[in-house]
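User: Please take a close look at one part of this model. I would like a connected account of its charged side chains and their surroundings.

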Amino acid sequence: MASTAGSRFRSERIEGDLGEVALSVLARIEKYGPHTLTALSQYHRVTPPSMSQAVNRLTGAGLAERVPDPDDGRRVLIAATAEGARVSREARARRNAWLQACLDDLPESDRKVLARAAELLTAMADS
């Protein structure tokens, strides 16, 4: 059931052929700002050539751009364009709406269990 929910959650994204890694990269750079290709590769646990392909899909679609690093002119950063930021926010809103609708369908007792589990997971992650 978990894989079905995960697949359903992932399907609540923008249409197109960007792929999961590219969409995840877009979300990351929209939320946290520009990153190097190496940092994105490490964060997403993919090889630099795979990350380069994902970034090329984003730049080709006009959703991301390569910009000079203001702290080191030799480096290039990957940044979301205004359109990329809009697409990322729209995709996040769509996934959040789907998840909220699922939560709204649960009995109050189940929502309380999930709220407590979220508290525990957050505490674990913050420790």
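User: Does Arg94 count as buried, exposed or partly exposed, and at what relative accessibility?

Analyst: In this predicted model, Arg94 counts as partly exposed because its relative accessibility is 31%, which falls between the 20% and 50% cut-offs. The side chain of Arg94 meets that of Glu90 in a salt bridge, with an N to O distance of 3.3 Å. Both residues belong to helix α5 and sit 4 residues apart, about one turn of the helix.

Glu90 also forms a salt bridge with Arg86, where the closest N and O atoms are 2.9 Å apart. Here too the spacing is 4 residues, about one turn of helix α5, which covers residues 82–104. Glu90 is partly exposed at 34% relative accessibility, and Arg86 is partly exposed at 35%. Side chains of opposite charge can pair when their charged atoms come close. Together with Glu83, the residues Arg86, Glu90 and Arg94 are linked in a network of salt bridges.

The count for the model comes to 9 salt bridges. One of them joins Asp72 and Arg74, with the closest N and O atoms 3.0 Å apart. Arg74 counts as exposed, since its relative accessibility is 75%.

Note on methods: Residues numbered from 1 in each chain as written. Predicted model: local features only at pLDDT ≥ 70, side-chain atom pairs only at ≥ 80, totals over all residues. Heavy atoms only, no water. Salt bridge = Lys/Arg side-chain N within 4 Å of Asp/Glu carboxyl O. Buried < 20%, exposed > 50% of the residue type's maximum accessible area, 1.4 Å probe, protein only. Helix = DSSP H or I, 4+ residues; strand = E, 2+ residues; numbered from the N terminus.
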